[in-house]
Amino acid sequence: MCLAVPLKLIEIHGNDAIGDAMGVRRKLRVDFIPEPKVGDYVIVHAGFAIERLTEQQALEDLETWEELDEALRS
């Protein structure tokens with residue numbers, strides 16, 4: 001099982017990209033995502049975007065991660 005935070009693509013340069021999740025930016029590759037676009041949400045494994053998510057699903061997942069983060073800090 002893979003636990004992954006959705007990343008929003010904020011820059012794309014060929015197959016290299018930068019994704020953002022909750023203010024944290026990561027370098028990643030988009031080789032496996034057909035026609036990636038800035039603004040797309042993706043799940044990343046081992047540095048590669050492996051699946052595109054709808055914005056609704058990504059925002060729901062990010063909300064769950066934020067709730068978990070808050071619970072762990074309490």
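Modeller: Arg52 is partly exposed, at 35% relative accessibility. Buried means under 20% relative accessible area, exposed over 50%, and partly exposed in between (1.4 Å probe, protein chains only). This is a predicted model: local features need pLDDT of at least 70, side-chain atom pairs count only at pLDDT 80 or more, and totals for chains, interfaces and linings use all residues. Residues are numbered from 1 along each chain as its sequence is written, and side-chain values use heavy atoms, without hydrogens and water.

Biologist: Which side chain meets Arg52 in a salt bridge?

Modeller: A salt bridge is a side-chain nitrogen of Lys or Arg within 4 Å of a carboxyl oxygen of Asp or Glu. For Arg52, the N to O distance is 3.1 Å, and the partner is Asp40.

Biologist: Is Asp40 buried or exposed?

Modeller: The cut-off for buried is under 20%. Asp40 has 16% relative accessibility, so Asp40 counts as buried.

Biologist: Which residue forms a salt bridge with Arg25?

Modeller: Arg25 is exposed, with a relative accessible area of 54%. The N to O distance in the pair is 3.9 Å, and the partner is Asp20.

Biologist: How many salt bridges does a search of the whole structure find?

Modeller: Asp16, Arg29 and Asp31 are linked in a network of them. For the whole structure, the search finds 5.
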